[in-house]
Amino acid sequence: MTSYEVHPVARIESSLRDRATAPRQADEGAPPARVVFAEKYHPAAADLRPGDRLVLLTWLHEADREALAVHPRSDPGRPREGVFSTRSPDRPNPIGLHTVTVAAVETGVLTVTGLEAIDGTPVLDVKPVLGEVAER
């Protein structure tokens, strides 16, 4: 199989420091966090505004990339499931998908809500949330 190289465009600054104690989902108590862009990517973030809804793709850098099956929500009382049927950060390519809301903007820095990623998490890409597509 072919491999691909990716480069972070930003990193997360958060009060969440420990993966074990971080919320598993954003609606479980995620504090505001900052998305700090590398200087060369400041122009790419220049048009983002407070209130924007974004999807952040992150690299879950503390993940176990060898994990193929996990206990959902790390609950050993639940049967193991293949990682592709779970939201576990432990997976062959630990890409995180986070829908956030921009609370504030400074040059090269977004303050966002709804992000459960831990401090230091690399950000691979940022995309706007699109409106719903009507069925035809």
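How many bridges join strand 1 (residues 10-13) to strand 2? Four bridges join these strands, which run antiparallel. Strands here are DSSP runs (E, at least two residues), numbered from the N terminus, and two strands pair if DSSP finds at least two bridges between them.

The model is predicted: local features need pLDDT of at least 70 and side-chain atom pairs count only at pLDDT 80 or more, whereas totals for chains, interfaces and linings use all residues. Residues are numbered from 1 along each chain as its sequence is written, and side-chain values use heavy atoms, with hydrogens and water left out.

**The barrel**

Six strands form a closed barrel in the order 1-2-7-6-3-8, with antiparallel pairing. From one strand to the next, the twist averages 45 degrees; the axes are lines fitted to C-alpha atoms, and angles run from 0 to 180 degrees between N-to-C directions. Strand 2 (residues 33-37) also pairs with strand 7 in the antiparallel sense, over four bridges. Ala10 has Phe37 in strand 2 as its bridge partner, while Ala33 is bridged to Val112 in strand 7. Strand 2 is largely enclosed by the rest of the structure, because four of its five residues are buried. Buried means under 20% relative accessible area, exposed over 50%, and partly exposed in between (1.4 Å probe, protein chains only).

His98 belongs to strand 6 (residues 95-106) and counts as buried, at 5% relative accessibility. Its side chain takes part in the polar contacts tabulated below. A polar contact is a pair of N or O atoms within 3.5 Å; within protein, one must be able to donate a hydrogen and the other to accept it, and residues adjacent in sequence count only if both atoms are side-chain atoms.

| Side chain | Partner side chain | Distance |
|---|---|---|
| His98 | Thr58 | 2.8 Å |
| His98 | Glu116 | 3.4 Å |

Leaving aside neighbours within four places in sequence, His98 is in contact (heavy atoms within 4.5 Å) with residues including Leu54, Leu56, Leu60 and Ala117.

Glu116 lies in the loop between strand 7 (109-113) and strand 8. Glu116 is buried yet has no salt bridge, that is, a side-chain nitrogen of Lys or Arg within 4 Å of a carboxyl oxygen of Asp or Glu. The nearest side chain of opposite charge is that of Arg87, 5.2 Å away; Lys and Arg count as positive and Asp and Glu as negative, with His and the chain ends not counted.

**Leu130**

Leu130 lies in the segment after strand 8 (122-128). With a relative accessible area of 70%, Leu130 is exposed. Its C-alpha atom is separated by 8.5 Å from that of Arg53, 77 residues apart along the chain.
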